[in-house]
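Please look over the sequence and the model shown below before reading on. The report that follows starts from single residues and then turns to larger parts.

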Amino acid sequence: MAKEYSYYPGCSSQKGASSSNQLRSTQAICDVLGIQLNEIPDWNCCSASIGYAGGGELPRLALSARNIALSEKHHPNQDVVATCAACWLATRETNDRLAESKELFAETNEALKEAGLVFNGQKKVRHMVEVLIEDIGFEEMGSHVKKPLEGIKIAGYVGCQTNRPFGINGESFENPMYLDKMVEAMGADSIPDYDKKVACCGGALMFSEPEKSQALVKEILESAHDSGADMIVTPCPVCQMNTEVYQDAINAKYGTKFNMPSVYYSTLMSVAYGQTTEQAALSGQVIRATKLEEIANK
Amino acid sequence: MKYRNNFLREVEANVEEGEWVKRCMQCGVCAGSCPLGPHWEHPPQEIFMMIRAGKREEVLSSDSMWMCTSCYNCIARCPRELPITHIMHGLAHYATRLGLVPENQQTNKFAQKFWDNLSKKGRVNELKLGLSLYFMNGFMEGIKTSLKMQKIGLGMWKTKRMDPMEILGGHGCEDTSGLQAMLKKASEIEAAKKVKV
């Protein structure tokens, strides 16, 4: 029996969008692990953590409440699961805040009525990584490995919003270990003391403050390089994009020579699980992960 | 009408999580933990003290809260557990409502475009958002930025992480009218609660 979840994919995972490769590789590992993701019908954007100029507190809460209400209606008894850090954060924050405040709960429901929906607050909102760690476990994750990622050294870049303010149960904010454990479970070498593990990549400010944000990414890449990493792995769509696609711009500005692949944990796991380069979404790498391609094509 | 109006009361009433402001103990851990710390004209603890000191114009027309990357480091470390990230978003939103944001503030412009983009169809259209962002500082600036970003765009297109066809419409919710009615209602409820200054 597959484990079923009410899945909130988020805008950037849609076809032809910036983290569509994360969705593809996530699907691939879920097939192996017996996880069934049921997409929340007609879900909407969570407004991420940048919608606040135009969107007030209540409109933003209403957006996430609508997604949870749709999940309650269509997928009762299934936890809401998101793969995107910002989607998870906004949805869980809304769930928590409406549980704490009767006033916000009532006001949000008044707004939701306009969309013909009701928020009851009966859902748990979880990150995909929580599902993997808590419902599957490191041991089982490792047991499906067909092609161990031997000899590859990987910097586990957790970033911000998968880690703060909620994080993963039992992990510290300053040095969470789960991503390193996942890397090890796939047969690769982790870098547990990677010192930019939970540093910020600038997030959405990469668009509005590119120079300040690229300076942050440069440090994340430098630290990975100096730790001997062959590649970076991350759970977050914004972290992935920011650490990958601006390397040319950073090289031009700082005279560095970065050419460091940055992959999703789901891509890493798909390759270790013996799936094709297509399933692992390796074609979605702007900086190709040649070491993973070699293993996948073996 | 009330006699004892002051800026702290205004923030408590009108800004998201504003009731936490007075609990700041001025330790500065937030400033030291912020990835863009050096770029804040007034770091969070200073903003909190300025609110208590009644420096309304200086706070709301400040560039500072627009430096927040939403990394939540300040929240994770604040010994008084202030939801600093949310207060900064709240101040930024309030300054926008009042028209006090410094002219040409880039994150304000982007954040507004993001909201406009998502509230149209319920989902973000990355292509349109990206293009509107390149051109937000005028046509010539837009051409320059587009050329600068050409290589990145090409990389995203080749890897199927950008779809030029999205310009024709693209992804969206089915129930856009319900979604928009919901957002309108939420804005109305919120506006009705704001205390007039």
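In this predicted model, B:Lys160 counts as partly exposed because 16 C-beta neighbours lie inside 10 Å, whereas a buried residue would need 20 or more. B:Lys160 belongs to the loop between helix 9 and helix 10 of chain B, and its phi is positive, about 60 degrees, although it is not a glycine. A positive phi in a residue other than glycine is also found at A:Ala48, where the value is near 45 degrees. A:Ala48 sits in the loop between strand 2 (35-39) and helix 2 of chain A, and it is buried, with 26 other C-beta atoms within 10 Å. B:Gln150, in turn, lies in helix 9 of chain B and is exposed, since 10 other C-beta atoms are within 10 Å and the limit for an exposed residue is 12 or fewer.

The table sets these residues side by side.

| Residue | Other C-beta atoms within 10 Å | Class |
|---|---|---|
| A:Ala48 | 26 C-beta atoms | buried |
| B:Gln150 | 10 C-beta atoms | exposed |

The chain is divided into domain 1 (7-102) and domain 2 (106-190), whose C-alpha centres lie 27 Å apart. B:Gln150 and B:Leu36 are 114 residues apart along the chain, and their C-alpha atoms are separated by 27 Å. As for confidence, chain B averages a pLDDT of 93, with 97% of the residues scoring at least 70, and the predictor gives the complex an ipTM of 0.96 and a pTM of 0.96.

How many residues does each chain bring to the contact between chain A and chain B? Chain B supplies 55 residues and chain A supplies 53 residues. On the side of chain B that touches chain A, helix 5 (73-77), helix 6 (84-97), helix 7 (106-121), helix 8 (126-134), helix 9 (139-158) and helix 10 (176-193) of chain B each supply at least two residues. The residues of that side divide into 24 nonpolar, 18 polar and 13 charged.

The largest nonpolar core has 154 residues, and those with the most contacts inside it include A:Ala62, A:Leu112 and A:Val233. Helix 2 (residues 57-74) of chain A gives the largest share of this core, eight residues. Because 16 of its 18 residues are buried, helix 2 of chain A is largely enclosed by the rest of the structure. Leaving aside its neighbours within four places in sequence, A:Ala62 is in contact with residues of both chains, among them A:Thr108, A:Leu112, B:Met182 and B:Ala186.

Helix 5 (residues 128-136) of chain A has as its buried residues A:Met128, A:Val129, A:Glu130 and A:Leu132. What covers them includes helix 1 (20-33), strand 3 (80-82) and helix 7 (178-185) of chain A. Just after this helix, A:Gly137 takes a positive phi of about 95 degrees. Elsewhere in chain A, the peptide bond from A:Arg164 to A:Pro165 is cis, with omega near 0 degrees, and A:Pro165 is placed in the loop between strand 5 (153-156) and helix 7 of chain A.

Terms used:
Residues are numbered from 1 along each chain as its sequence is written. Chains are lettered from A and ligands numbered from 1 in the order in which they are written. This is a predicted model: local features need pLDDT of at least 70, side-chain atom pairs count only at pLDDT 80 or more; totals for chains, interfaces and linings use all residues. A nonpolar core is a set of buried Ala, Val, Leu, Ile, Met, Phe, Trp, Tyr and Cys residues joined through C-beta atoms within 7 Å. Helices (H or I, at least four residues) and strands (E, at least two) are DSSP runs, numbered from the N terminus. Two residues are in contact if their C-beta atoms, placed from the backbone, lie within 7 Å. Ala, Val, Leu, Ile, Met, Phe, Trp, Tyr, Cys and Pro count as nonpolar, Asp, Glu, Lys and Arg as charged, and the others, Gly among them, as polar. Domain bounds come from an automatic or database domain assignment. pLDDT is the predictor's confidence in each residue, from 0 to 100.
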